[in-house]
Amino acid sequence: MTDFANPGTPTDRHQLGAAGMPLNTLADYRPIPADGYGALFLPERIAKGYHVEEIHDGAYYVTSGAYDTMFVRTGNGVVVVDAPPLLGENLKRAVAEVTDEPVTHLIYSHWHSDHIGAAGIFANDHVKVISHDYTREMIQRWPDLGGKRGLPVPTDTITESDTLDVNGVRFNLDYHGVNHTPGNIFIYAPQQKALAAIDIISPGWSAFKHCDASENIRGWAEAHDWILGYDFKGVVSGHVNRYGTPEDARASRDYTNDIIEFSKEALDHGQEFEYIERIGFSNAWVLWENYFNEMTNYVTKKTLEKVTDNGQTWAQRLAGADVMTKYHAYSVLEALRLEYGMVSGFEKLIIPQPGE
């Protein structure tokens, strides 16, 4: 029987050496702070498979312990945001636990199936489905996004920001431009002061790998300031195990900005000649792999050791920062080249100059 209380060392089954990814143990990283688990280990969440709680005035947060979303009572119908597969049918159970109102509206934040892949549970409920144009385009292009249970195609779409009134309850459907994905909209209920901004921050934690697998890193970074432009009591982020506060959003914004600033430093780090001398040009990918790894390690060290405004380092303040910062650093370094118009030290050596 597996002893989950005493985990060991992962088995390196593929023995790829430098061609593969390293496998690490819990002992290689900092322990997760006790307050980093949110609803994950609550007895009622473990028993039911989900946890639901009111954010404010009829807006509810619901989580599987890893994926989360929100829904809002309007007095004569429920508006649901997304339908993550890890919540699945439990999303309906969570709604029924707090209200007898039927689900009448489903809003897709964006097209990624890990957040909307269970929307087929509403296929026979005659709900109005709303999304950005781009989200509908992706659902129509790839109808297998919902697996065996197809996704309801949006009946109403928006191109820019718009509003929705359901029984007198207002929702702002805000599109600020490309961020985590094209078409990723923020859903804000002003009366309830509840915001769903999916896959930008992870309250109390570092985001998952590569800036939460975002399709546009610059837009994802800017989205932190968009979140802080709202007057909210709770922001539902799509991941981990509790909703976020304005302080969580500020911490995530500052952590991200530190990664960006240290990445800009790394591009001017000046180690190009050392790598050319030690590795040469016979395999350019080995040269670039080592050069990027050096810059990534520079950014990761500077970020994790940065003492923040509450006296803690980022490694101490955000759960999992020592696990994930290196992935964010790599993504930001590439984004500086692709999305910010910067060039690396290597490129500066070979870019043709005027008159040459």
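The sections below treat the basis of the model, its nonpolar cores and its strand pairing.

## Basis

The model is predicted, with local features requiring pLDDT of at least 70 and side-chain atom pairs counted only at pLDDT 80 or more, while totals for chains, interfaces and linings use all residues. Residues are numbered from 1 along each chain as its sequence is written, and side-chain values use heavy atoms, leaving out hydrogens and water.

## Nonpolar cores

A nonpolar core is a set of buried Ala, Val, Leu, Ile, Met, Phe, Trp, Tyr and Cys residues joined through side-chain atoms within 4.5 Å, where buried means under 20% relative accessible area with a 1.4 Å probe, protein chains only. The largest such core has 44 residues, of which Phe186, Leu195, Ile227 and Val299 touch the most other members. Among the elements that give two or more residues to this core are β10 (186-189), α6 (217-228) and α9 (284-305), and α7 provides the largest share, 8 residues. Helices (H or I, at least four residues) and strands (E, at least two) are DSSP runs, numbered from the N terminus.

Leaving aside residues up to four places away in sequence, Ile227 touches residues including Phe186, Leu195, Phe232 and Ala249, contact being heavy atoms within 4.5 Å. A second, separate core of 27 residues includes Tyr50, Leu91, Ala94 and Leu145.

## Strand β9 and its partners

Strand β9 (residues 169-174) is largely enclosed by the rest of the structure, because 5 of its 6 residues are buried. Strands pair if DSSP finds at least two bridges between them; β8 (residues 162-166) and β9 pair in the antiparallel sense over 5 bridges, with Thr163 opposite Asn172. These two strands form a hairpin with 2 residues between them, and Asn167 in the turn has a positive phi of about 55°.

β9 also runs antiparallel to β10, joined by 3 bridges, and Asp174 stands opposite Phe186 in β10.

Definitions and conventions
Buried means under 20% relative accessible area, exposed over 50%, partly exposed in between (1.4 Å probe, protein chains only).
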